[in-house]
Amino acid sequence: MQPIESFEVPAPSKVNYINAQYGLKSWLLTKDHKRIALLYLASITFFFFIGGIYALMIRLELLTPQGDFLQSTTYNKVFTQHGIIMVFFFLIPSIPATLGNFLIPMMIGAKDLAFPRINLLSWYVYLVGGLITIYALLAGGVDTGWTFYTPFSTTFSNSYVVATGLGIFINGFSSILTGLNFIVTIHTMRAPGMTWFRMPLFLWSHYATSLIMILGTPVIAITILLLAFERVAGVGIFDPELGGDPILFQHLFWFYSHPAVYIMVLPGMGVISELVANFSRKNIFGYSFVAFSSIAIAVFGFLVWGHHMFVTPQSVYAGMIFSFLSFAVAIPSAIKVFNWTATLYKSSISYDTPMLYALGFIGLFTIGGMTGLFLASLATDVHLSDTYFVVAHFHYIMVGGTLMAYMGGLHYWWPKITGRMYPEGWGRFSALVIFVGFNLTFLPQFIAGYLGMPRRYHAYPPEFQVFNVLSTAGASILGFGMLIPAIYFVWSMRYGRHAEPNPWHLPGLEWRTQSPPPTENFEVTPIVTWEAYEFAPPEETEVVGRFGPELERT
Amino acid sequence: MSEHIVSVRVYITIFLALLVGTALTVAAAFFDFPWRLNTIVALTIAVAKATLVVLYFMHVRYSARLVWVIVASALFWMGILFAFTFSDYFTRHWLSTGY
């Protein structure tokens with residue numbers, strides 16, 4: 001046992017990974033995982049902004065029942081592009097490529113990822129995929145929905161399906177390279193003493209995510225390729241007239257795209273495990289259960305894709321199996337939620353901004369997960385399919401889950417990443433605004449969907465207006481809430497209070513080096529002699545949060 | 001990790017074998033085999049070719065056990081894709097709903 005007070009944190013050096021080198025070239029050709037994480041951070045923020053503008057347009061159109069802001073064809077493109085940008089270019093890379101990239105080597109006590117050049121390559125591949133997709137959007141856009149369902153996408157759509165598909169195809173390689181890098185790094189580069197069961201749970205969840213990235217992404221690449229072959233060359237894969245089957249597309253698409261939901265949410269779960277344990281200053285309840293539930297989610301997540309196809313001609317017998325397995329995959333997710341909650345029990349909780357996001361995540365993810373079970377039931381799904389209930393459900397997972405975790409993680413590690421503290425008061429305020437705005441946006445959509453409001457229409461019956469007005473009002477609050485951190489994060493980089501090496505007084509390896517870290521992360525390779533989340537006895541560290549023992553002692 | 005050097009002769013032999021496989025695929029397309037043999041013949045040739053590529057061009061034959069495990073897990077995952085997709089196709093006609 002090594003009390004937190006006795007950590008040997010090296011005296012702050014003036015040289016760190018940010019100021020070690022200067023100039024554009026030093027960034028564009030960097031092999032430092034921390035700098036690449038920042039490159040990703042800037043890129044995904046850009047795409048998040050674009051996706052957000054599309055969301056704004058959707059909510060504006062739906063403010064009134066008539067299609068008075070956008071034409072139906074434009075609306076089709078707007079919701080499609082919102083989905084494509086947010087899913088493929090923000091949510092999937094969000095936590096792994098930024099926080100994962102930055103923290104995985106630091107958390108295992110390594111100097112970098114196993115393949116630094118491949119890491120940089122993955123960012124360039126991501127950019128190429130992103131630029132091709134943006135070209136497709138500017139050239140005329142795409143209107144198939146982010147799901148590219150056939151035969152509309154192969155035969156009838158007049159939009160830029162192939163160009164968009166090419167962008168996603170290329171972007172997939174970035175995902176594969178990142179996953180590969182993480183797996184090899186976690187296997188081979190752990191510091192002496194850092195056993196698998198001493199790893200922070202953030203690493204377990206990223207390991208599970210990487211498995212999905214490697215095993216699933218090639219399938220979406222092949223599927224998009226087949227779609228392009230059929231659209232361009234008329235090869236009969238999905239067209240019944242040519243001997244194909246349109247449902248085959250959905251099988252192939254969802255074989256990746258359902259596990260992709262776990263690519264989005266598993267890293268978020270890893271962040272939440274860190275936040276819950278560290279901000280309640282207690283070892284996580286049932287470490288190995290939380291760790292293995294990540295792997296279970298990765299494996300079971302591949303066996304449930306047919307629940308997206310209950311209202312297609314998919315065999316009802318296959319539907320029964322998929323329904324059962326979809327219920328089964330809820331178990332490992334529930335294990336996590338219960339274990340986080342049990343960790344909080346009789347712990348010493350501090351309500352700093354990251355913890356507010358973590359608590360928000362637990363509530364919102366639970367609602368998102370439970371409503372998923374409604375959709376996994378064969379009969380209920382017939383009523384709810386293609387309604388706003390589905391939209392609300394997956395936004396609770398993707399925004400209420402992933403985005404909340406991403407924001408929580410960004411606040412939590414911001415002092416380590418930038419060496420500056422964000423303004424805590426504004427942080428808490430914006431976390432609450434985002435929570436309220438989010439719920440006001442998406443809770444009414446559950447009701448509207450349950451009452452029968454279909455998704456993907458620009459006009460709707462007037463009786464649904466009240467829900468849509470609430471939703472648009474909520475989206476405005478949510479958007480405002482997101483702008484506040486955008487402003488104070490930028491502000492804090494110049495004016496924020498200098499961060500100590502370990503501002504939260506935690507045992508993790510990433511906190512045992514200076515903030516921001518040196519290029520090599522650690523002056524000397526650390527030797528790990530403690531368990532994950534091993535806190536000093538309460539009498540030694542009774543004060544929690546930012547104004548912890550350091551100030552008390554001095 | 002020591003790199004196994006594959007001789008140019010092996011590469012050329014495999015390349016020629018792949019060409020023969022391609023020729024066989026084209027030739028087989030001109031015959032209408034009975035029962036479901038059309039698909040079976042085409043897939044057999046394709047799998048044989050893919051195996052050659054994986055073993056020799058991708059050096060899996062000379063790689064460590066861990067690489068074999070990775071390859072096996074990829075095949076297993078492909079098995080999942082096939083098995084569950086077929087769970088749909090093979091049972092669709094059990095209920096005569098007109099589909």
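Mentor: This model is predicted. In chain B, the C-alpha centres of domain 1 and domain 2 lie 22 Å apart.

Trainee: What makes up the two domains of chain B?

Mentor: Domain 1 covers 1-63, and domain 2 covers 64-99. The bounds come from an automatic or database domain assignment.

Trainee: What share of chain B is buried?

Mentor: Buried means 20 or more other C-beta atoms within 10 Å of a residue's own. In chain B, 2% of the 99 residues are buried.

Trainee: What makes a residue part of the contact between the chains, and how many does each chain give?

Mentor: The test is C-beta atoms within 7 Å. Chain A gives 14 residues and chain B gives 13. On the chain A side, α7 (201-233), α8 (246-279) and α10 (316-344) each give two or more. The most come from α10(A), with four residues.

Trainee: What classes of residue does chain A bring to that side?

Mentor: Ten are nonpolar, four are polar and none is charged.

Trainee: How do you know that the length of helix α15 of chain A agrees with its residue count?

Mentor: Helix α15 (residues 465-495) of chain A has 31 residues. At 1.5 Å a residue, the helix should span 45 Å. Its end C-alpha atoms are 44 Å apart, so the two agree.

Trainee: Which residues of α15(A) are buried, and what do they pack against?

Mentor: Among them are A:Phe467, A:Leu478, A:Pro485 and A:Tyr488. The buried residues of α15(A) pack against α2 (33-61), α13 (388-418) and α14 (424-450) of chain A.

Trainee: Which residues touch the most other members of the largest nonpolar core?

Mentor: That core has 157 residues, and A:Leu203, A:Ile272 and A:Ala358 touch the most other members. Helix α3 (residues 72-108) of chain A gives the most to this core, with 21 residues.

Trainee: What is A:Leu203 in contact with, beyond its neighbours within four places in sequence?

Mentor: The partners of A:Leu203 are A:Ile104, A:Met107, A:Ile108 and A:Ile186.

Terms used:
Residues are numbered from 1 along each chain as its sequence is written. Chains are lettered from A and ligands numbered from 1 in the order in which they are written. This is a predicted model: local features need pLDDT of at least 70, side-chain atom pairs count only at pLDDT 80 or more; totals for chains, interfaces and linings use all residues. Two residues are in contact if their C-beta atoms, placed from the backbone, lie within 7 Å. Ala, Val, Leu, Ile, Met, Phe, Trp, Tyr, Cys and Pro count as nonpolar, Asp, Glu, Lys and Arg as charged, and the others, Gly among them, as polar. A residue is buried if 20 or more other C-beta atoms lie within 10 Å of its own, exposed if 12 or fewer, and partly exposed in between; C-beta atoms are placed from the backbone. The expected span of a helix is 1.5 Å times one less than its number of residues. A nonpolar core is a set of buried Ala, Val, Leu, Ile, Met, Phe, Trp, Tyr and Cys residues joined through C-beta atoms within 7 Å.
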